[in-house]
Amino acid sequence: MTTHSALRVLVYGATGSQAGPLVPALLERGHHPVVVTRNAANAAHLAALGATVVEADLADRARLTAISAGVDAVTLLIPFSATNPADALSYGRNVIDAARDAGVKLIVWNTSGPFQPESGDAPGGGDTRNAVAAHLKASGVPHIIFAPTIYAENLLGPWTAPAVVGGNEVPYATPPAMRIGWIASADLAALMVAGLERPELAGQLFMVSGVEVLAGPELAEAFSAALGREFHYRGIPPAEFGAILDQVYGPGAGVGATAIYGPLWEMAEPPTLAFPMDEVLQLLPVRMRTMREWVAEHVAAFQAQVTITEQHD
């Protein structure tokens, strides 16, 4: 095991599903997470684990500078917004500038989705991510960037989980033939903590995915193996998926998802969304979950979601 000093780490986005696993991952390695949230009540469960909780608004740069003082590193997750991407860029700049002004030694940024430098105005915030990346580089703060594929936790959403528990389908918005390296948020958190412990890797961009690359039917096989009954995969057409998002999150919520997933359905051979992980795991030795293991870990979450749905019917 690599020896390391305990770090005081300012964690952005920890009250959400993507960055939440960073808190237990940091604590397990002997570090001290400082969770940033607008409302401390939303992070009470993280405080109970041993994290320090501080209140701040990402629009308030002076406040961000104050809470950045005395921390060794920052983990950054920006709340990208399809309706106002300028907010995401402003928030990212504020966090980066605050870290620079406070003398933070390392920023580890989770781009929260696929990211290629200079990718232009790609759906899902590609242009905003490039602007944040450029600002991060110009800041002079040492940094490591992690760009994940698709989170396995997307499969806990109301477009997938109820069908799994209440039937024999595993539905998602990608075509059945498309191969994906689904990544668990806990595995990405472990990779980020490993990066925090290796500041000599500053300047690296790690494009990361799960270690398995699964087409739709293979994803269904993992669910079958974990849950002990037969499932098949169903690709959700873009219009149907957008309508589900509109119903769950409000009118207009499905527009961005349709823009991202729609073109995939028009391709004769959809692209593979996965990255080679051998070299990454040599530098950052983390054990990553198989999809079967991930599903087995989340049986209770699938059951809980269906119970809530049934109460509303």
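Select W159, Y172, W182, F241 and Y261: together they form one aromatic cluster. Rings of Phe, Tyr and Trp (its six-membered ring) pair if their centres lie within 6.5 Å. Planes under 30 degrees apart count as stacked, over 60 as edge-to-face and the rest as tilted.

This is a predicted model, where local features need pLDDT of at least 70, side-chain atom pairs count only at pLDDT 80 or more, and totals for chains, interfaces and linings use all residues. Residues are numbered from 1 along each chain as its sequence is written, and side-chain values use heavy atoms, with hydrogens and water left out.

**Stop 1: ring pairs**

A search of the whole structure finds seven aromatic pairs. Keep Y172 and W182 selected. This pair is edge-to-face, 5.1 Å centre to centre, with 75° between the planes. Y172 lies in strand β7 (residues 169-172), and W182 in the loop between β7 and α7 (185-196), so the pair ties together parts that are ten residues apart in sequence. Helices (H or I, at least four residues) and strands (E, at least two) are DSSP runs, numbered from the N terminus. Both Y172 and W182 are buried. Buried means under 20% relative accessible area, exposed over 50%, partly exposed in between (1.4 Å probe, protein chains only).

Now pick F223 and F231. Their ring centres are 6.3 Å apart and their planes stand at 65°, so this pair is edge-to-face. F223 has 0% relative accessibility and counts as buried. F231 has 5% and also counts as buried.

**Stop 2**

Go back to W182. W182, G210, R289, T290 and M291 lie nearest the centre of the largest cavity, which is lined by 13 residues. About 100 Å³ of space lies in that cavity. The search of the whole structure finds three cavities of 30 Å³ or more.

Next, select A25, E28, R29, A190 and V286. Of the 17 residues that line the second largest pocket, these lie nearest its centre. The elements that give two or more residues to this lining are α1 (22-28) and α7. The largest share, five residues, comes from α7. The second largest pocket holds about 410 Å³ of space.

How are the two kinds of space told apart? On a 1 Å grid over the protein atoms alone, a cavity is a set of points where a 1.4 Å probe fits but cannot get out, and a pocket is an open set with protein on both sides within 12 Å along at least five of seven lines; lining residues have an atom within 4 Å of a point.

**Stop 3: helix α3**

Show residues 61-68, helix α3. Here L64, I67 and S68 are buried. They cover an arc of only 105° around the axis, which puts them on the same side of α3. The arc is that of the directions from the helix axis to the C-beta atoms. Then step to G70, which follows α3 and has a positive phi, near 90°.

**Stop 4: Y91**

Find Y91 in helix α4 (residues 85-101). Is Y91 buried or exposed? Y91 is buried, with a relative accessible area of 14%. Which residues does Y91 touch, not counting those up to four places away in sequence? They are R38, L58, A59 and P79. Contact means heavy atoms within 4.5 Å. L58 is 33 residues from Y91 along the chain, yet their C-alpha atoms are separated by 5.3 Å.

**Last stop: the whole chain**

Zoom out. The protein chain has 13 helices and nine strands. Buried residues make up 48% of its 313 residues.

Notes. Grid points are joined across faces, edges and corners, and a volume is the space filled by probe spheres set on the points.
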